Amino acid sequence: MSEHLTIYPIIVHLLTAILLLLFWMKPQVQRYISILGSAVGIVIAVLLFQRVWENGIQSVQLGNWEAPFGISMVADTLAVTLILLTNIVAFALSIYSTETMVSSRVKFGYYAIFHFLVMGLSGAFLTGDLFNLYVWFEVIIISSFVLLTIGGRKIQIEGAVKYFTLNMISSIIFLTGIAMVYGATGSLNMAELSRIIPEIENKGLMATISLVFFIGFGVKSGVFPLYFWLPASYHTPPAAVSALFAGLLTKVGIYAMIRVFTLIFPLGETNQMILMIISALTIFFGGIGALVQKDVLRVFSYLIICHIGFMVGGLSLFTEVAIIGAVLYMFHDIIVKATLFMMGGVFYRIFGHTKMENMGGLMNNYPRLSLLFAIPLFALVGIPPLSGFWPKVSLFSASYEQGAIFMLIVFIFASLITLVIIAKVWNKTFSKNPTTLPRQKNLRYFDQFSIREKAAFIVPIAMLVGVTLYYSFFAEHFQLIATRIGEELMNSEHYYNAVFKTKEVTEL
Amino acid sequence: MKSVILNTVSKTLLPLLILFSVFVLLRGHYLPGGGFIGGLIAAVAFILHAFANGLTETRKLLRIHPGFLIPVGLLLAVISALAPILVTGEPLMTGLWHDKDIAILGKIGSALFFDTGVYLVVIGVCLTIIFTISESV
Amino acid sequence: MEILLAIMTGVLYAAGIYLILRRSLVKLIIGIVILGNGVNLLIFLMGGLVKERPPLIPEDGKMLEGVFADPVPQALILTAIVISFGLQSFAIVLIKRAYKVLKTDDIDTLNKTDDIT
């Protein structure tokens with residue numbers, strides 16, 4: 001039983017989704033099942049994390065087919081940490097959705113699709129097979145399409161068309177890459193590929209294939225020339241959905257990038273150069289985009305793009321310290337970006353819109369709420385000791401040690417532009433006086449809420465802020481985890497040994 | 001669009017096609033066939049019926065909402081995939097086989113139940129999609 | 001034969017990309033479908049062509065013998081086809097809905113989501 005813990009994070013959410021489908025017409029029951037399922041998900045993620053931490057990388061061969069023939073599921077430290085964070089965010093969003101999701105949307109299958117999406121994320125993190133990764137990506141994409149269009153407002157449909165097109169094309173490019181890898185090597189098992197690819201003579205072909213993968217993952221993670229679907233769609237769905245997307249969807253692209261470019265195609269100098277330039281452009285255009293936007297949610301959308309640049313930049317430096325920085329940034333970003341979009345939902349309920357010109361006065365009217373909201377915003381800027389600060393230390397020192405002054409400048413620019421953007425958001429939403437607009441008739445506003453409804457909005461945000469604070473003040477724990485991840489990623493034999501069970505125990 | 005020929009043929013074809021789909025489902029493990037193809041054939045049977053007699057007739061024939069087949073099929077598939085973990089402690093989706101042959105069905109194993117689950121899911125998904133599209137026209 | 005199929009793959013890719021670049025929503029979807037078929041053909045080709053040797057174990061045998069077609073690409077293609085079937089049916093519903101709500105088929109007029117207001 002317990003030796004198969006590796007695949008349980010997937011099973012939990014699948015079973016929850018099935019149960020939710022069976023209670024199709026009972027929204028209230030669905031809400032409880034969803035919260036319960038997510039809670040179980042956290043427990044299992046913690047158990048799995050504990051096991052991987054104690055016993056090294058875990059792997060399971062599905063169907064008991066031996067490693068290169070069957071599908072391997074591999075839980076290394078990076079994967080389990082991401083699964084843990086995913087489950088925490090999912091739990092917070094299950095609670096958050098109880099009040100933000102109207103019953104008609106729940107009857108449309110919101111919760112079931114939500115859990116299918118989380119299942120897809122867990123699967124993508126765990127899988128050790130390239131084609132299986134594609135399948136999980138498709139699970140994620142299909143679920144996210146449905147979540148994006150639930151409700152069917154005009155702007156949602158328009159955003160969905162853009163999101164759909166670019167993500168479909170990216171899947172097709174990814175699949176092309178898989179076909180080329182299979183043609184060149186005859187295998188799709190990531191561990192086996194890590195041994196085969198270095199021995200292939202035709203380096204030019206391998207470089208081409210790696211760039212095909214980069215384009216495929218690049219669309220998903222939203223790097224510079226490929227990000228246009230993101231700000232076009234992320235502000236359109238309900239807050240709970242965009243929080244899930246913002247926290248996790250782009251990160252799964254980055255995860256795939258880190259996995260493929262450390263394990264299968266270790267970055268060469270040319271690719272490092274390409275990634276560096278793209279990271280710089282992503283930061284620049286994301287930052288400038290966020291600066292000119294006037295809607296809070298769209299500012300946040302562009303901030304996602306801007307900060308993707310940090311992770312790509314960390315990967316592009318390709319030293320252990322830099323990878324540690326990138327991974328740490330990813331952990332911080334998952335929590336904070338999800339919190340930001342949940343805050344966006346609260347803004348919407350307070351003001352009835354999310355246009356910054358007409359917002360303001362939060363600090364006077366809701367002082368305690370403002371204090372809560374200030375933490376993720378400041379964490380995003382990276383004010384010490386909040387969580388954004390620690391990954392930046394690693395990233396700055398890595399780029400300095402490597403003599404990559406260009407990247408150092410880029411990272412500093414990104415931090416500054418984030419500071420400017422957050423200062424602008426703070427000014428416009430928290431301190432200036434609001435222009436009062438006539439209230440929308442069919443929207444319940446925040447001050448009309450009962451205590452219970454308010455709690456459903458605020459408690460999950462407070463939970464995630466708690467995680468941010470934990471990250472901030474116990475950063476050494478995350479540093480420890482990230483150090484081990486860095487070691488595992490830079491030495492692919494750990495991964496290989498865990499999959500093929502070559503009897504040297506994979507202790508670190 | 002009412003056509004007597006299509007009407008009559010669809011009524012005869014419906015049971016035949018469903019029988020054929022079950023046949024394809026059962027032979028699926030070692031020979032070409034399986035849950036997905038079987039499910040598609042069964043779905044085609046109902047879609048043909050809907051073509052000839054209209055959607056409401058087909059809904060009446062089905063009695064349950066086709067969407068309901070999705071969780072049921074998924075549940076069956078998940079349970080049969082989990083069975084090796086619960087029974088023998090082997091990894092997910094390992095095939096468990098009954099030793100003796102059973103008449104008509106042949107060797108029974110967890111793979112058959114998995115395929116049956118897939119069969120139900122495919123019918124459910126196809127019919128839900130087709131019904132939704134044709135209803136919104 | 002392989003050369004022919006390789007050219008065919010190229011033609012499918014080119015046609016798909018050309019259609020995606022047109023301004024009509026319907027052509028966009030058709031383009032994606034054609035591109036998907038191109039990828040499937042590519043996977044099929046990458047396994048190498050083996051004629052008339054299906055990877056099926058004969059009744060009296062225990063394992064496959066001699067040259068036989070690689071079953072992995074076929075399994076991959078089947079999976080990819082199933083997935084693209086789901087996605088494409090969703091896409092068709094989506095563009096129908098988009099046409100109803102937005103009352104246009106012209107992609108160039110879909111610029112509401114990018115307004116800075």
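Q: A residue is buried if 20 or more other C-beta atoms, placed from the backbone, lie within 10 Å of its own. What percentage of the residues in chain B is buried?
A: This is a predicted model, in which local features need pLDDT of at least 70, side-chain atom pairs count only at pLDDT 80 or more, and totals for chains, interfaces and linings use all residues. Residues are numbered from 1 along each chain as its sequence is written, while chains are lettered from A and ligands numbered from 1 in the order in which they are written. Of the 137 residues in chain B, the buried share is 40%.

Q: Which element gives the most to the side of chain C that touches chain A?
A: In this interface, 28 residues of chain C are in contact (C-beta atoms, placed from the backbone, within 7 Å) with 30 residues of chain A. Two or more residues on the chain C side come from each of helix H2 (25-46) and helix H3 (71-102) of chain C. With 14 residues, the element that gives the most is H3(C).

Q: How far apart are the end C-alpha atoms of residues 75-95 of chain C?
A: The unreviewed UniProt entry annotates residues 6-21, 28-50 and 75-95 of chain C as "transmembrane region"; such annotations may be inferred rather than shown by experiment. Residues 28-50 of chain C are 83% helix and 0% strand, with end C-alpha atoms 34 Å apart. Residues 75-95 of chain C are 100% helix and 0% strand, and their end C-alpha atoms are separated by 30 Å.

Methods: Contact = placed C-beta atoms within 7 Å. Helix = DSSP H or I, 4+ residues; strand = E, 2+ residues; numbered from the N terminus. Buried ≥ 20, exposed ≤ 12 C-beta atoms within 10 Å, placed from the backbone.
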